[in-house]
Amino acid sequence: MKNSIFRKTTLLLLFLINFSFGQNLPLSKEAHISVLTCGLGNESYSFFGHTAIRVADPANNIDVVYNYGAFDFRTPNFIAKFAKGDLQYFVIAHSYADFINEYNYEKRSVYEQDLLIPQEAKQKIFNNLNTTLLSEERYYTYKFIDKNCTSMVVDIINKTLNEKVITKKGDTDKTYRSILFPYFDGHFYEKLGTSIIFGTKVDQLGTKIFLPFELKNSLEKTTFQNHAFVSQSKTLLSFEKETPTSWWNNVYSYIILLGFIVLINKKIIDKIYSFILSLIGIFFVSMGFYSFHLELAMNYNVLLFSPLLLFLIVFSAMNNKRWSYRFAVLHLILLLIYTLFIINKAHFFIVLPMIITSGVVLVRAAIRNKKRIPIII
């Protein structure tokens with residue numbers, strides 16, 4: 001612990017001394033700059049891994065990791081700011097030893113790729129990182145696809161080299177939604193939640209690098225000045241990712257719950273189901289207007305989670321059969337439109353059981369409230 005505190009203090013003093021004289025410490029020819037890619041975890045913040053930049057210079061006793069994924073839980077109205085999309089993230093510097101110890105403790109793999117760039121480019125990256133670290137530029141507004149720990153690393157390297165060296169290689173014919181799906185293995189309801197809360201933006205082709213392992217794979221295929229841009233990837237830590245098992249967080253509990261609603265055939269159960277869907281729909285609409293996260297805008301999933309289902313519940317409670325029937329038929333039409341729209345989307349099969357359940361509930365509501373024409377003999 002003492003050594004850890006000493007390393008942090010030494011690094012901080014080094015940066016402050018360098019900047020107090022208005023110049024950066026010159027890196028030696030032994031220095032190397034690398035991109036670190038950290039493995040997946042089972043906490044929501046670690047589902048997709050992490051990216052950082054390491055600067056190591058044995059001659060100057062420097063070994064520091066720059067991390068663009070920091071945020072402060074003590075920020076006033078933290079949850080509201082995160083939901084709205086104006087939460088400020090920032091870059092911080094760790095000693096390499098502390099950084100690697102943290103991932104060793106979490107049992108997450110770490111891979112390193114050295115940048116094969118000239119000495120002056122290494123110095124420029126180091127200078128830019130330090131300038132950012134000790135200025136207001138260290139803050140940025142987090143965006144799930146467009147501005148995160150990975151995209152910020154791409155941006156600072158490309159900006160320093162004055163050209164778009166790093167671009168996405170591979171999987172550009174897949175949508176962002178399709179790219180995200182495999183990362184949710186063992187986390188079914190998180191997968192379902194992101195499937196229904198994201199709108200049209202994640203159905204666009206994933207042409208931007210926004211995930212750590214996308215960057216790692218792209219770097220392996222990138223060239224610079226007619227040679228490889230990075231060295232062969234080195235494994236600093238290696239752990240097998242443990243896929244969690246849960247008695248409830250799986251597709252079976254999902255199917256059983258929806259199957260219960262379909263088979264029980266009770267008015268009160270159908271109303272509770274519709275009420276829950278309408279509340280989710282109201283939340284989606286509200287977030288679409290409230291949040292700056294473009295991923296939440298234009299959410300066509302409100303055709304399934306329709307706020308108008310509240311009217312069906314109200315008219316049913318008032319025993320107004322005519323309008324109950326009309327709203328049941330209206331929602332069946334919306335459900336059909338929704339089904340046709342998402343039939344080629346990545347999340348079609350995960351929401352299909354809900355489509356079927358909603359269809360059954362709405363047909364039952366229509367049948368219960370349809371006026372029967374008396375037969376005159």
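In this predicted model, Asn67 lies in strand S3, which covers residues 62-70. Asn67 counts as buried because its relative accessibility is 9%, and buried means under 20%. The side chain of Asn67 makes a polar contact of 2.7 Å with the side chain of His50. A polar atom of the Asn67 side chain also lies 2.8 Å from the backbone nitrogen of Gly69. If neighbours within four places in sequence are left aside, the residues in contact with Asn67 are His50, Phe90, Val91, Ile92 and His94.

Side chains of opposite charge can pair when their charged atoms come close.

| Salt bridge | N to O distance |
|---|---|
| Glu112 and Lys234 | 3.5 Å |
| Lys208 and Asp146 | 2.7 Å |
| Asp270 and Arg368 | 3.2 Å |

Glu112 belongs to strand S5 (residues 110-114) and Lys234 to strand S9 (residues 234-237), so this pair ties together parts 122 residues apart in sequence. Glu112 is buried, at 2% relative accessibility, whereas Lys234 is partly exposed, at 35%.

The pair of Lys208 and Asp146 links distant parts of the chain, 62 residues apart, and both residues lie in loops. Lys208 is partly exposed, with a relative accessible area of 42%, and Asp146 is partly exposed at 27%.

Asp270 in helix H10 (residues 267-290) and Arg368 in helix H13 (residues 348-369) are 98 residues apart. Asp270 is buried at 3%, while Arg368 is partly exposed at 26%. Finally, salt bridges with shared partners join Arg54, Asp63, Glu112, Asp114 and Lys234 into one network.

Technical notes: Residues are numbered from 1 along each chain as its sequence is written. This is a predicted model: local features need pLDDT of at least 70, side-chain atom pairs count only at pLDDT 80 or more; totals for chains, interfaces and linings use all residues. Side-chain values use heavy atoms; hydrogens and water are left out. Helices (H or I, at least four residues) and strands (E, at least two) are DSSP runs, numbered from the N terminus. Buried means under 20% relative accessible area, exposed over 50%, partly exposed in between (1.4 Å probe, protein chains only). A polar contact is a pair of N or O atoms within 3.5 Å; within protein, one must be able to donate a hydrogen and the other to accept it, and residues adjacent in sequence count only if both atoms are side-chain atoms. Contact means heavy atoms within 4.5 Å. A salt bridge is a side-chain nitrogen of Lys or Arg within 4 Å of a carboxyl oxygen of Asp or Glu.
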